[in-house]
Amino acid sequence: MFEWSEEQLMVRDTIRRFIEAEVVPHIDELEHGDLPPYDIIRKLYATFGMDQMARDRFKIQLDRKRDGDAAESPVERAERQGDGGAAAMTLIPIVELCHYCPGIVTAMGVSVGLAAGTIMKQGTPAQMERWGLDLLTMDKVGAWAITEPDSGSDALGGMKSTARRDGDEYILNGNKTFITNGPYADTIVFYAKLDDGSDTPIRDRKVLTFVLDRGMPGLDQSEPFRKMGLHSSPTGELFLSDVRVGKDHLLGETEDEKKGSGRDSAKGNFVTERAGVAAMSLGLIEECLKLSVAYARDRMLWGQRIGDRQLIQLKLAKMEIARLNVQNLVFRHIELSAAGKSLTLAEASAMKLYSAQAASEVAMEAVQLFGGNGYMAEFRVEQLARDAKVFQIYAGTDEIQVTHIAKDLLNR
Amino acid sequence: MNVVVCVKQIPDPAAPPSLDPGTNNLIRAGKLILDDSDAYGVEMALQLVDKAGEGEVTLVSMTPNGETSGLRTALAMGAAKAILISDDSLAGTDALGTAKVLAAAIKRAEPDLILAATESTDGYTGTTPVQIAEILGLPSVTFAKKVEIDGGSLKVERQTEAGYDEVESPLPALVTVTAGVVEPRYPSFKGIMAAKSKPVETLTIADLGIDAGQVGAIGARQEITDVSASEERASGEIVVDEGDAHQRVIQFLEQLKVL
Ligand SMILES: Cc1cc2nc3c(=O)[nH]c(=O)nc-3n(C[C@H](O)[C@H](O)[C@H](O)COP(=O)(O)OP(=O)(O)OC[C@H]3O[C@@H](n4cnc5c(N)ncnc54)[C@H](O)[C@@H]3O)c2cc1C
Ligand SMILES: Cc1cc2nc3c(=O)[nH]c(=O)nc-3n(C[C@H](O)[C@H](O)[C@H](O)COP(=O)(O)OP(=O)(O)OC[C@H]3O[C@@H](n4cnc5c(N)ncnc54)[C@H](O)[C@@H]3O)c2cc1C
C-alpha cells in the first residue's frame, strides 16, 4: 500500500465533513475550556454506525468466548487470516481527528481500546456482558488504571496498589494517577498486586485486574488535572480506600495468571497502542504541514512571501519528510495487519518513538514559522505543539521505547 | 415503493473549473463527485422507502467516461443500485437530450416516484427534471420542501416566494426537491464498505434504443455561443486619515443619500 484506496478516501472525506461540522465549532470549549468530549464521540459513533458495528462485533466475541476458551482473540484470528484491511478503518478516524483534537482520540482510545479491550480479552462472558458492550459502544466511559504516583515507566514492578483477600471478597487499596477519563469514568479497569499474606517480595507478586463501578464505597475520582495540553481528554487521579469487591469484579474470576491476564494483559496492549500513537502523529503532522504551507505562501515580509526564504523552506521540507516517513510506517502497520501479521514489540516501539518525536518537532517548527501568530491560540499550531508533547510521554516514554528496541536488538 | 433519484456527477466545485475552448463546455475529464444538490433527493428517497417498509432506491445518472465515484457516495448512503448511462456519442448533449436519455433509463426501473434536485450545481438550468416528466407523460411538482406519500398519492409542500403551496398528485410522479427538504445523512462505514459491491448497470444509448442523432452535439438545440468572465468586483476606496477622514466619510454617505 502506497496510498489510501478509493474506499478509504471515501471514509476519510466523510469523517472530515463530520469533523468540520461537529468538532471544529467546539474547539474552543474542548481545548480552552472544560467541555468533556464524550457527547461528540457518541455522535461520531451514532453517525457512522460505529455503535452498531461494535454491537455486532461484541456478539461474535461473546459467542466465541462462550464456546469455551478455544476462544481465539480477535488479535489471534487476525494473525491467522488477516483483518481484510479493517485496521485502516480504525486508523483513518484517528488520523483525521488529530488534525484538530488529539485529546478526543485519547479519551476514545483509552475507553474503547484499553478499558473495553481488556475486559473483552480477560473477562468471563458475564463480565463481558456486564461491562464490555456499553464501553465498546461509548454508551459508558471507561478508564484503564495502571500508573501510580511512584511508578509509571516501572508500573508493573513498582505498583503499590493492593488486593487483599477477605473471605470470598477482596479489599482494594491504592492510588492511581494520570488516568485518562478518570474524572468521568463509569467503569474502571484497575490493576493491583495480590497481597496473600505470604512473604513474596512486592515486586514479584501477582498482578490482578479488577473492574470498578463509579460510586463504589471507598472509590474517589478526582477533578480533571490542569495540564500542558490535550485538554479535550480529561485526566485525573483515583483513590481507593478499602474498596470491597466480590470475585465477580476480578477479571476472569480467577487469580491464575493465564496467558493474556494480569502483567501479560498490560503488555498485550502495547503494540496496538503504539501503532495508534503513530496514526495520531500522522494527523497532527499533516495539519501542521498544511497550515505552515498556507502561511508560508501568504505571509509577506520585505515585499516577499516568507516561503521564498530558504530557512523557511528547510522547515517545510523537514515537515514533508516527517509526514512521508510516518505515513509509510502507518501504511506498513495496515499492510501487516491485512496480511495476518503484526509488528513486533520492538518495531512498534521504533514506530512510536520516531512518530512521537517527529510530531513534536514538526509542531514546534510550525509555531516558529508562524512567528508571534504561532504563539497565539487563534492560529492553532500552539495547541497542536502542546498536544504533540504527550506523544513522547504516554504509551511508554521515549526512553522506554529505546529500551524496548535495544533489548530486542541485543537479544537476537 | 420504488423511487428513482436522478443524480448528477460533477467536477468538484471546490477545484477551479475549466472550459473546453472549442465548445465552451465544462471539462469533465477528472474525478467526478456527487452533486451536493442531489444528496437531498437521495436522503428523501431513502426516508420514503424506509417509511413505506418496502421497495428500494435506484439511482440514474448520465456521465462521461463511465465515472462512478459520485454514485458510490449515494450507494454508500443506502441506495440499492444504480443505472449509469455513459456513451461517447453523448458528448455535447444539451438539457433536452439529457432528459431524453434519463427518461429512457428511468422507464426501465418502473418507479412509483422520481426525485431530482431543483437545479444542478454546475449547469443549473433547472430544466432537465420537468422535461423528463413531460417525456414520460407524468405530473411534475417542483421546489418541494416537504414530501409525503399518503396511500397511493403524493403530498408536497411547494416552496413559493410568499410561503408554500400544498400540492397533491397521483403517483407515479416526478418531484424536484430543494435543499431544505431533509438533512442528508453521512454514509456509515458499513455503507461505504457495502457500496463497492452494489450493482451499477452501465448502459449505452443503443441499449436504451435512442438514436444517436437525437443526442450529442448533433442533436443539441442549445449551443454555448459565448462565455465571458464575470465582472471583477470594483475595489473599495481607501480613505487615509489626514485629519479630514470623518468629513470624507460623511460626504460619501451624503452622496449615497443615506444621510
Ligand atoms: C495525558 C496523560 C494521560 C495518561 N493516561 C494514562 C492512563 O489512562 N492510564 C495509565 O495507567 N497511565 C496513564 N498515563 C501515564 C503514563 O503512562 C506515564 O506518565 C508514563 O508511563 C511515564 O511514567 P511517569 O510519569 O511515572 O514517569 P517516570 O516513569 O517517573 O519517568 C521519569 C523520567 O525517567 C525516564 N525513565 C524511566 N525509566 C527509565 C529507564 N529505564 N531508562 C531511562 N530513562 C527512564 C522517563 O522516560 C522519564 O523521562 C498518562 C499520562 C499522561 C501525561
Ligand atoms: C451545450 C451543452 C453541452 C453539453 N455537453 C455535455 C457533455 O459533453 N457531456 C455531458 O455529460 N453532459 C453535457 N451537457 C449536459 C449537461 O451537463 C447537463 O447534464 C444537462 O444540460 C442538464 O442541465 P443542468 O446541469 O442545468 O441540470 P439541471 O436541469 O439544473 O438539473 C436539475 C436536476 O436534474 C438532474 N440531472 C441533470 N443532469 C443530470 C445527469 N446528467 N444525470 C442525472 N441527473 C441529472 C439532477 O437531479 C439535477 O440536480 C451539455 C449541456 C449543454 C447545454
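Predicted model: local features only at pLDDT ≥ 70, side-chain atom pairs only at ≥ 80, totals over all residues.
Twelve residues of chain A are in contact with eleven residues of chain B, two residues being in contact if their C-beta atoms, placed from the backbone, lie within 7 Å. On the chain A side, α1 (6-23) and α4 (50-66) are the elements that give two or more residues; helices (H or I, at least four residues) and strands (E, at least two) are DSSP runs, numbered from the N terminus. The largest share of this side, six residues, comes from α1(A). By class, the side of chain A that touches chain B has seven nonpolar, three polar and two charged residues. Here Ala, Val, Leu, Ile, Met, Phe, Trp, Tyr, Cys and Pro count as nonpolar, Asp, Glu, Lys and Arg as charged, and the others, Gly among them, as polar.

Residues are numbered from 1 along each chain as its sequence is written, and chains are lettered from A and ligands numbered from 1 in the order in which they are written.

Chain A is assigned domain 1 (6-141), domain 2 (144-261) and domain 3 (269-411), with bounds from an automatic or database domain assignment. The centres of domain 2 and domain 3 of chain A, taken over C-alpha atoms, are separated by 32 Å. Four residues from domain 2 of chain A and seven residues from domain 3 of chain A make up their contact. On the domain 2 side, these residues divide into two nonpolar, two polar and no charged.

Ligand 1 lies between domain 2 (144-261) and domain 3 (269-411) of chain A, because both give residues to its shell. The ligand is surrounded by 19 residues, the closest being A:G152, A:S153, A:T180, A:T397 and A:E399; a residue counts as near if its C-beta atom, placed from the backbone, lies within 6 Å of the molecule. In chain A, β1 (142-145), β3 (169-180) and α15 (398-411) each supply at least two residues of this shell. The shell residues comprise eleven nonpolar, seven polar and one charged.

Turning to chain B, its secondary structure comes to seven helices and eleven strands. Along its principal axes the C-alpha trace of chain B spans about 75 × 45 × 40 Å. Among contacts in chain B between residues at least 6 apart in sequence, 73% join residues at least 24 apart.
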